[in-house]
Amino acid sequence: MIAALKTARFTDPLTGLPNRLAILERVRGWLMTQQTVTLVHLDIDHFAAVNARCGLTAGDRLLREFGARLQTLQKMHEGSAQLLVAHLEGDSFALAWLGDPDRYLDLLTALQTEVAALEIATSDGEVCSVTLSLGVAVAPKDGKTPEALLQAAEYAVRSVKGRGGGQIAFYDPQWGERVRARTALVLRMERALAANEFALFLQPVVRSDGALVAAEALIRWLPPEQTPISPAEFIPLAEESGFIRRLGGWVFEEALRLAERLRQTGWGTPQIAVNVSPLQLEDDGFVQQVHRALEHWRAVAEGAPFPLTLELTESAAMERFEQLKVKFEYLARAEVPFAIDDFGTGHSSLGRLRELPFAKLKIDRSFVVRLFDSPRDEALVASIIRIAHAFDVKVVAEGVEEARFVTRLSELGCDEFQ
């Protein structure tokens, strides 16, 4: 009985591999020998997309298959008693061995090949493939305790994920400083929200005749007596930390207040596009917030349509398609409009696009600015417009700054310009 309990304590139930506790204990013992110890953090890239598109059961199967391949590779190497593999949590695994990194670099390369060979098919036959990010830390220089060494390897793998994944990185001490700085920035964002340091600005969306038909709400962080902080700096961090739920909720409420002021001052009710994170839509609290706003608007706006359009980027909508589909459909039935932003930068399946109840498609500015560069660029934009109109969806061109673009895009059938 005691042996069974000890085994369960150190074993991951999904994969059958040693767990986080087991690898930390093994590394602790190795560190006591005063020898070099290498620890590698392995992270399967795009695993959330696998769960979204293929289902949780398929995701678990992928983890078990990868775990089995880890065990096979471990057994293929001599001295495996000094090499341990483990499943940490979710899509994160680890390897540790007694010795310097060069000892098993060939194994790391083999692992990247192994994970690339794993493919999970969706119900409609589409294949989900993944890559592997690896972060390497070496004791004692990168950490003198098992916990510090694992944290260093996690920092390293985060740096790989930030570059798109599918690579190997060795720990750099500066990353720890960057992580601490990012943590401080999250705390600063929380205080800034309470102190009303964030503001919304409206970027107009017009028709070819110049008539204002909509606007996009753009958030700006304006600390008092300091330089404004760019959204490119704080939005990704808000996403990564989960703070985007609170910040996005504030943006939604503030945009609604702007819409009410416009209506009360006689400007009418142009649609205001609000960027929404998938993390928000997955949160039932946000859906309830939208529902309450809808009921309030109907009570005060004398029949005017709901003034906010919820915008998701194409890549975000596709990666979490299955989780978000029910929320899309529920809010669409309540007459809350959706738009797909940055279209052309992601990897949409037209079959899946057809299933989304979106009212507008926004062509990413990177395609618009190349409109006059070549006939192929123009043909691509024209094709996007035709596809959207076939779905009875309006098209907005982003980044339009010259009259000649308005003229040519209008000839191609584009409906609105931002």
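# Reading the strands, cores and cavity of a predicted model

Q: In β10, which residue is the bridge partner of alanine 215?
A: In this predicted model, the partner of alanine 215 is isoleucine 272 in β10.

Q: What makes β9 and strand β10 (residues 271-275) a pair, and do they run parallel or antiparallel?
A: At least two bridges are needed for two strands to pair. Here 3 bridges join β9 to β10, so the two strands meet that requirement. They run parallel.

Q: What lies between β8 and β9 in their hairpin?
A: There are 5 residues between the two strands. Among them is glycine 210, which sits in the turn with a positive phi of about 90°.

Q: Why is strand β9 (residues 212-221) called mostly covered?
A: A residue is buried when its relative accessible area is under 20%. In β9, 8 of the 10 residues are buried, and therefore pass that test.

Q: Why is phenylalanine 234 called buried?
A: Its relative accessibility is 0%. Since the cut-off is under 20%, phenylalanine 234 counts as buried.

Q: Where is phenylalanine 234, and what is it in contact with when its neighbours within four places in sequence are left aside?
A: Phenylalanine 234 lies in helix α8 (residues 231-241). Its contacts are Met189, Phe198, Ile219, Trp221, Ile229 and Leu247. One of these, methionine 189, is 45 residues away along the chain, yet the two C-alpha atoms are separated by 8.1 Å.

Q: Which residues touch the most other members of the largest nonpolar core?
A: They are Met189, Phe198, Leu281, Phe306, Ile363 and Leu409, out of 72 residues in this core. Helix α9 (residues 244-264) gives the largest share, 9 residues.

Q: Which residues is phenylalanine 306 in contact with, beyond its neighbours within four places in sequence?
A: The contacts are Phe252, Leu256, Gln271, Ala293, Leu294, Trp297, Glu335 and Val336.

Q: Why is glutamate 335 called exposed?
A: Its relative accessible area is 61%. Exposed means over 50%, so glutamate 335 qualifies. You will find glutamate 335 in the loop between α13 (321-333) and β12 (338-343). Glutamate 335 also has a positive phi of about 70°, although it is not a glycine.

Q: Is glutamine 34 buried or exposed, and how do you know?
A: At 72% relative accessibility, glutamine 34 is over the 50% cut-off, and so counts as exposed. Glutamine 34 sits in the loop between α2 (20-31) and β1 (37-44). Its phi is positive as well, near 65°.

Q: Is the peptide bond from alanine 139 to proline 140 cis or trans?
A: The bond is cis, with omega near 10°. Proline 140 is in the loop between β6 (132-139) and α6 (146-162).

Q: What makes the space of the largest cavity a cavity, and how much space lies in it?
A: A cavity is a place where a 1.4 Å probe fits but cannot get out. The count comes to 1 cavity of 30 Å³ or more, and about 90 Å³ of space lies in the largest cavity.

Q: Which of the residues that line the largest cavity lie nearest its centre?
A: Ala214, Ala273, Glu311, Lys360 and Lys362 do, from a lining of 13 residues. By class, the lining has 6 nonpolar, 3 polar and 4 charged residues. The elements that give two or more residues are β9, β10, β11 (308-313) and β13 (360-363).

Q: How many helices and strands does the protein chain have?
A: There are 17 helices and 15 strands. Of the 418 residues in the chain, 48% are buried.

Notes:
Residues numbered from 1 in each chain as written. Predicted model: local features only at pLDDT ≥ 70, side-chain atom pairs only at ≥ 80, totals over all residues. Heavy atoms only, no water. Buried < 20%, exposed > 50% of the residue type's maximum accessible area, 1.4 Å probe, protein only. Core = buried A, V, L, I, M, F, W, Y, C linked by side-chain atoms within 4.5 Å. Contact = heavy atoms within 4.5 Å. 1 Å grid on protein atoms, 1.4 Å probe; cavity = no way out; pocket = protein on both sides within 12 Å on 5 of 7 lines; lining within 4 Å. Points joined across faces, edges and corners; volume = space filled by probe spheres on them. Nonpolar A, V, L, I, M, F, W, Y, C, P; charged D, E, K, R; others polar.
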